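Welcome, and please open your viewer. We will go from stop to stop, selecting a few residues at a time and looking at what surrounds them.

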Amino acid sequence: MNIRHADFISDLADIRRVRFAVFVDEQQVPAEIEMDDRDPVCIHLLALDTEGAVGTARIDLGRSGKVGRLAVLASHRRQGVGMALMHGLHQVAVENQLAKVWCNAQVSAVPFYQRLGYRVTSGPFYEADIEHVRMDCDI
């Protein structure tokens with residue numbers, strides 16, 4: 001598996017395919033809100049194996065290091081893809097001199113983020129009809 005920076009324009013089809021498979025098809029997030037106006041200004045990463053793109057994530061430097069849209073195809077979960085993507089985003093944050101990053105994590109993913117050093121910093125709230133909490137991480 002290889003983690004690399006994505007070019008949002010030239011890699012859009014792969015980013016969209018992975019995110020729609022996870023968020024729209026699996027989690028029933030409305031397709032019209034999955035891609036947003038922050039996408040073009042975020043730094044995106046892709047996880048690739050011999051089959052092509054199997055995961056993606058982004059970091060929004062303009063929003064104080066907001067990590068988001070972490071998506072790994074079901075066939076590649078529990079193989080370290082998500083962790084590798086997150087480590088890549090943390091490296092981007094370090095390179096951009098950020099001392100911390102944050103995310104709005106789905107409640108079901110809280111243990112994943114806690115293993116990376118994130119801590120819950122809000123009560124629960126809903127985004128796209130899915131329960132979330134804010135989590136912060138010093139890097």
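**Stop 1: the largest pocket**

Begin with the open space: the largest pocket holds about 1,100 Å³. A pocket here, on a 1 Å grid over the protein atoms alone, is an open set of points where a 1.4 Å probe fits, with protein on both sides within 12 Å along at least five of seven lines; lining residues have an atom within 4 Å of a point. Grid points are joined across faces, edges and corners, and the volume is the space filled by probe spheres set on the points.

Before selecting anything, note that this is a predicted model, in which local features need pLDDT of at least 70 and side-chain atom pairs count only at pLDDT 80 or more, while totals for chains, interfaces and linings use all residues. Residues are numbered from 1 along each chain as its sequence is written, and side-chain values use heavy atoms, leaving out hydrogens and water.

Now select Phe-23, Leu-70, Gln-106, Ala-109 and Tyr-113: of the 43 lining residues, these lie nearest the centre of the largest pocket. The elements that each give two or more residues to that lining are α1, α2 (31-34), β3, β4, α3, β5, α4 and β8. Helices (H or I, at least four residues) and strands (E, at least two) are DSSP runs, numbered from the N terminus. Which element gives the most to this lining? Colour β4, which supplies seven residues.

**Stop 2**

Five bridges join β3 to β4, and the two run antiparallel; strands count as paired if DSSP finds at least two bridges between them. Pick Gly-55 and you will find its bridge partner in β4, Val-72.

On to β2, which is antiparallel to β3 and joined to it by seven bridges. His-44 has Arg-58 in β3 as its bridge partner, and a hairpin of two residues links β2 to β3. Is β3 mostly covered or mostly open? Eight of its nine residues are buried, where buried means under 20% relative accessible area, exposed over 50% and partly exposed in between (1.4 Å probe, protein chains only).

**Stop 3: the nonpolar core**

Next, select Val-67, Leu-85, Met-86, Tyr-113, Tyr-118 and Met-135, which touch the most other members of the largest nonpolar core, a group of 41 residues. Such a core is a set of buried Ala, Val, Leu, Ile, Met, Phe, Trp, Tyr and Cys residues joined through side-chain atoms within 4.5 Å. Elements that each supply at least two residues to this core include α1 (12-26), α3 (81-95) and β8 (130-138).

**Stop 4: helix α3**

Turn to α3, whose 15 residues reach 21 Å from first C-alpha to last, close to the 21 Å expected at 1.5 Å a residue; the expected span is 1.5 Å times one less than the number of residues. Its buried residues include Leu-85, Met-86, Leu-89 and His-90.

Zoom in on His-90, which counts as buried because its relative accessibility is 10%. Leaving aside neighbours within four places in sequence, His-90 is in contact (heavy atoms within 4.5 Å) with Val-101, Leu-116, Tyr-118, Cys-137 and Ile-139. After α3 comes Gln-97, with a positive phi near 60 degrees.

**Stop 5**

Select Trp-102 in strand β5. Trp-102 is buried, at 13% relative accessible area. Its C-alpha atom is separated by 7.2 Å from that of Arg-134, 32 residues apart along the chain. Seven bridges join β5 to β8, and these strands run antiparallel; Lys-100 stands opposite Asp-138 in β8.

Strand β6 (residues 119-120) also pairs with β8, antiparallel and over two bridges, with Val-120 opposite Met-135.

**Stop 6**

Finish at strand β7 (residues 125-127), which three bridges join to β8 in the antiparallel sense. Tyr-126 has Glu-131 in β8 as its bridge partner. In the loop between β7 and β8, select Ala-128 and then Asp-129. The phi of Ala-128 is positive, near 50 degrees, and that of Asp-129 is positive too, near 60 degrees. How accessible is each? Ala-128 is partly exposed at 33%, whereas Asp-129 is exposed at 76%.
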